[in-house]
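Let's take a friendly walk through a protein model. Have a look at the picture before reading on.

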Amino acid sequence: MREKLLTIKDLQTHFFTESGVVKAVDQIDLELDQGDTLGLVGESGCGKSVTALSIMRLIDPPGKIVAGRILFSNQDLLLLGDSAMEKIRGNQISMIFQEPMTSLNPVFSIGTQIAETVRTHRCLSPKESLDVAIQMLDLVKIPSPRQRAQDYPHELSGGMRQRVMIAIALSCQPSILIADEPTTALGVTIQAQIMDLIEQLKEKTGTSVILITHDLGVIAETAQFVAVMYAGKVMEYANIKTLFGEPLHPYTSGLMRCIPRIDAETDRRNRLHIIPGIVPNLLELGRGCKFHDRCERRIAVCEQEEPEILQVYEGHWVRCWRAQE
Amino acid sequence: MPRLSQSEFLIVRNLRKYYYTAKAGLFSRPFPIKAVDGVTFTVIKGESFGLVGESGCGKSTLARCIIRLEEPTGGEVFLGGEGILALPKKELQAFRQKMQIIFQDPYSSLNPRKKALDIIAEPLVIRGGLDRKDRLERARWLMSIVGLRPEMEARYPHEFSGGQRQRIGIARALALNPELIIADEPLSALDVSIQAQVINLLQDLQDQFQLTYLFISHDLSIVKHVSDRVGVMYLGHLVEIGTRNQVYTHPLHPYSQALLQSVPVPNPFVPRKRWVLEGDVPSPLNPPKGCPFHPRCSKHFSTCQEERPELREIAPDQFVACHLDA
């Protein structure tokens, strides 16, 4: 029986804008087991990034976490005071972002930036923390780490900067690393390097990962469990083989069928299966299922009432009126 | 599939684009950034030619040079047998009618102050030939064929979704009835489910209007789906050209091989048997001597460090720039 590292219950994060309230995260439940990678998959506006920022308590006004519990290490992160949360952020739970250039401070060397995180959370001298920084650069396979520690972010390529982000994030040996689209801005060969690195570090340091992406290929290769999100809700949750082998939610199966496959022998005359329509405007959501207007399997009730998410098979949760057919 | 010598519609020969930058101090010589460094390929009428490569390889610069949004440093471009690069600006308009471009960013490539219908009709204004009533009628027809509802014609770009804006861009590109469309990363800014819609639309339009496509993308899965033939670029060079099946099934160039097997496959049941290509793409300010790929190539030998390999036809219609195949 493995330890549940993180449990999110009934999380609601809303944005109070001039045009109305946007329920970016609308009652979601998630959990992360020790040693796993949990994938959060979805398209724009689905709430995956806001979920991550909510865990880190990095939601600024007009956003607000209005309800829910985030249980980590025997406490509810949403009940902690700011200084208590600061001891967790970057230390026990870390995050890396999509655009490494905008996440790194351009006027400090990379060594200094890694050392800063170390000094904040551990009582080390400047020299000791710089030594740790150099060790971290080595861990993320940056060659000649002692020299490179003095480089500035603009002197590094995108892939190298992302490695520096990972070094900062792992410098205090967190139990959880949240990676928000870590490779979307990088080319495919660099993406492979970074995903490989994260896998190796996961094994080496025992860190568990929450991986946020829209790329089903990346998910298939790295995640153990996946939550598919749409318009602020989890539509389906299962282990990776179940999700790909037997997707039950029409959005999940629609998404899988509409992507061009590098492993498929298709003639270019074949049309791709499509999900008609567009991602909904979160300010104009109706009463029923958030996906119903694009769903090829909709029935009358779908427009009237939103389904609950139900455990249809063991470990397989689906939010759909027709899931059990 | 026709052999290459027939119906060559777009011919690019030894195209070069260098950006000059002063490196240090007032008196040092300018350093060239060789964004495109001698690219040669042809596109057959009616086909889709996919150009792939990672960022910085020069594919977008190449597209902009072909259409003369930027002026190439050297080389030749022929469209339908006629040279484009030497044309004075006045005569360029005639070619712009035949050759249009769709851009990556549907946000910045549309004039935010114009309504959708006017954006689509604008090429018709510039090119002349139709009165206002006919222009608007044609623009409305174009809106319908790209799947935009007529009631949207008076809306401004910010009122559309990304996919819809891309449709406006496509309609605009079709306004003058072009023969060749260069699509420069037309899907990257779109959600996955919308990408599928736009891919299907582009395929349908190609069939309907007998269009020729030069489709540029970093997404190898998309390029596999849409292309007849494929070219692979690295650091300003074309390193391989072949049919879609040739390049995807039996890539010859070590970089093509690395690229293809780096793509994550959305199938957790298949074991991952990938090797990771190490190292970074070198800076185009300081490209390696000899073959641009040799520092990262596990198969390189002495010649690779000295001599840049030429793109050579190894098998019928299959080209590769690599000393291993010499």
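## Before we start

This is a predicted model, in which local features need pLDDT of at least 70, side-chain atom pairs count only at pLDDT 80 or more, and totals for chains, interfaces and linings use all residues. Residues are numbered from 1 along each chain as its sequence is written, while chains are lettered from A and ligands numbered from 1 in the order in which they are written.

## Chain A as a whole

Chain A has 12 helices and 12 strands (DSSP runs numbered from the N terminus: H or I of at least four residues for helices, E of at least two for strands). Its C-alpha atoms fill a box of roughly 65 × 50 × 45 Å along the principal axes.

A compact globule of 325 residues would have a radius of gyration near 20 Å, and the 21 Å of chain A agrees with that (taken over C-alpha atoms; the rule is 2.2 Å times the number of residues to the power 0.38). Buried residues make up 49% of chain A (buried means 20 or more other C-beta atoms within 10 Å of a residue's own, with C-beta atoms placed from the backbone).

## Two domains

Chain A splits into domain 1 (4-230) and domain 2 (247-263 + 271-325), with bounds from an automatic or database domain assignment. Their C-alpha centres lie 29 Å apart.

Where do they meet? 11 residues of domain 1 are in contact with 11 residues of domain 2 (contact means C-beta atoms, placed from the backbone, within 7 Å). On the domain 1 side, β2 (20-33) and β9 (225-230) of chain A each give two or more residues, and β2(A) has the largest share with 4 residues.

## Chain A meets chain B

This contact takes 38 residues from chain A and 38 residues from chain B. On the chain A side, α8(A) gives the most, 6 residues. That side divides into 19 nonpolar, 10 polar and 9 charged residues (Ala, Val, Leu, Ile, Met, Phe, Trp, Tyr, Cys and Pro count as nonpolar, Asp, Glu, Lys and Arg as charged, and the others, Gly among them, as polar).

## The nonpolar core

The largest nonpolar core has 193 residues, and A:Ala133, A:Ile178, A:Ile210, B:Ile120 and B:Leu214 have the most contacts inside it (such a core is a set of buried Ala, Val, Leu, Ile, Met, Phe, Trp, Tyr and Cys residues joined through C-beta atoms within 7 Å). α7(A) supplies the largest share of this core, 8 residues.

Notes:
Contact = placed C-beta atoms within 7 Å. Buried ≥ 20, exposed ≤ 12 C-beta atoms within 10 Å, placed from the backbone.
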